Amino acid sequence: MLQEDTGSSGLEAVQSVQSVPEWFVSAHALLPHPHYRDPGEDVPWAMPIVLEIPKKAKPSRTALLEASAQAVVACCLDPRAADETSLYREGLVSWYGARIRKLSRRARGIAWERVQLAPGVTATVSGASARALVPTPVEEVYPEVAKLQISGTDLPYDAPDATDPATAAGEDAASHPIIWVDRDLGMSVGKVAAQVGHGSMLYAATLSADAAWAWAQTGYDLEVREVPRGQWPPESERAVEVRDAGFTEIAPGSVTVAVTR
């Protein structure tokens, strides 16, 4: 479930896919190509991803990762991204043209409520919520998230280790993309949240505007599977691969996630 800022037009949950709105075509055209390379500007930009992790009744790790992936792509393909006069669009365009980074943070209670005041989109999957915010320079983070942290918090794996790629490629999986995460890398939930968000965004860029709009009508339905690299589908079936820049946790150039249709 996607939640827009109060007062914004938002994505319509049920709408014909026969006609793609002009605002969506405009927002989709801005997305960076999957083979984009970091130009190395002196001032890096980052998209904050805030994960709601209450002290008690913690969310499912997989559901939270799926919410993060949905929030990122929905933030990028929001109606506000098509408004050439908006700060929302300016933030996305500046980020697309700089170092594309995502920084995950955690929040709960009042802090989570305050995060909703910053421009972005919240997604909820099976009770787990994540909010992707419009990117800013890393030194100019929103005051609503400036004091939030991600270190020291993680969630246990909750999905089966073994997944048969042949089964994943069958009819049941064909209706939505699957984001494969390399569990061998041992990434924290915050790190993976950023990686799957990058995967969903780049996957949307590989689609035509018509196909991306049809996906939007499902609420960006997708699946996240954290499995050892040896259980990933073959490279020929991967629409997108994400190589990490190596800012945190893992070595530069590591392939963290892959997306299959």
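Buried means under 20% relative accessible area. Keep that cut-off in mind as you click around this predicted model.

**The whole chain**

Start with everything selected. You are looking at seven helices and 10 strands. Of the 261 residues, 52% count as buried. The chain exposes about 11,900 Å², and carbon and sulfur atoms supply 51% of that area. Now think about which residues touch which: among contacts with a separation of 6 or more, 79% are between residues 24 or more positions apart.

**Stop one: Arg225 and Glu223**

Select Arg225 and show its side chain. Is Arg225 buried or exposed? Its relative accessibility is 14%, so Arg225 counts as buried. Glu223 itself is partly exposed, with a relative accessible area of 22%. This pair belongs to a set of six salt bridges in the structure.

**Stop two: Arg61 and Glu226**

Next, select Arg61 and Glu226. They form a salt bridge too, and their closest N and O atoms are 2.7 Å apart. Trace the chain from one to the other: Arg61 is in helix α2, Glu226 is in strand β8 (residues 223-227), and 165 residues separate them, so this pair links distant parts of the chain. How accessible is each partner? Arg61 has 1% relative accessibility and counts as buried. Glu226 is buried as well, with a relative accessible area of 6%.

You now have a network of salt bridges linking Arg61, Asp154 and Glu226.

**Stop three: Asp78 and Arg80**

Jump to Asp78 and Arg80. Their side chains meet in a salt bridge, 2.7 Å from N to O. Asp78 is buried, with a relative accessible area of 0%, while Arg80 counts as buried at 18% relative accessibility.

**Last stop: a charged patch**

Select Lys55, Lys56, Lys58 and Arg108, which together form a positive surface patch. Zoom in on Lys56. Where does Lys56 lie? Lys56 is in the loop between β2 (45-52) and α2 (61-76). With a relative accessible area of 68%, Lys56 is exposed. Follow the chain on from that loop into α2 and you can find Arg61 again, back in its salt bridge with Glu226.

Note on methods
Residues are numbered from 1 along each chain as its sequence is written. This is a predicted model: local features need pLDDT of at least 70, side-chain atom pairs count only at pLDDT 80 or more; totals for chains, interfaces and linings use all residues. Side-chain values use heavy atoms; hydrogens and water are left out. Patches are made of residues with over 30% relative accessible area and no salt bridge: like charges are joined within 9 Å, nonpolar side chains (Val, Leu, Ile, Met, Phe, Trp, Tyr) within 5 Å. Accessible areas come from the Shrake-Rupley method with a 1.4 Å probe; for residues, only the protein chains shown count as cover. A salt bridge is a side-chain nitrogen of Lys or Arg within 4 Å of a carboxyl oxygen of Asp or Glu. Lys and Arg count as positive and Asp and Glu as negative; His and the chain ends are not counted. The place of a charge is taken as NZ of Lys, CZ of Arg, CG of Asp or CD of Glu. Helices (H or I, at least four residues) and strands (E, at least two) are DSSP runs, numbered from the N terminus. Buried means under 20% relative accessible area, exposed over 50%, partly exposed in between (1.4 Å probe, protein chains only). Contact means heavy atoms within 4.5 Å.
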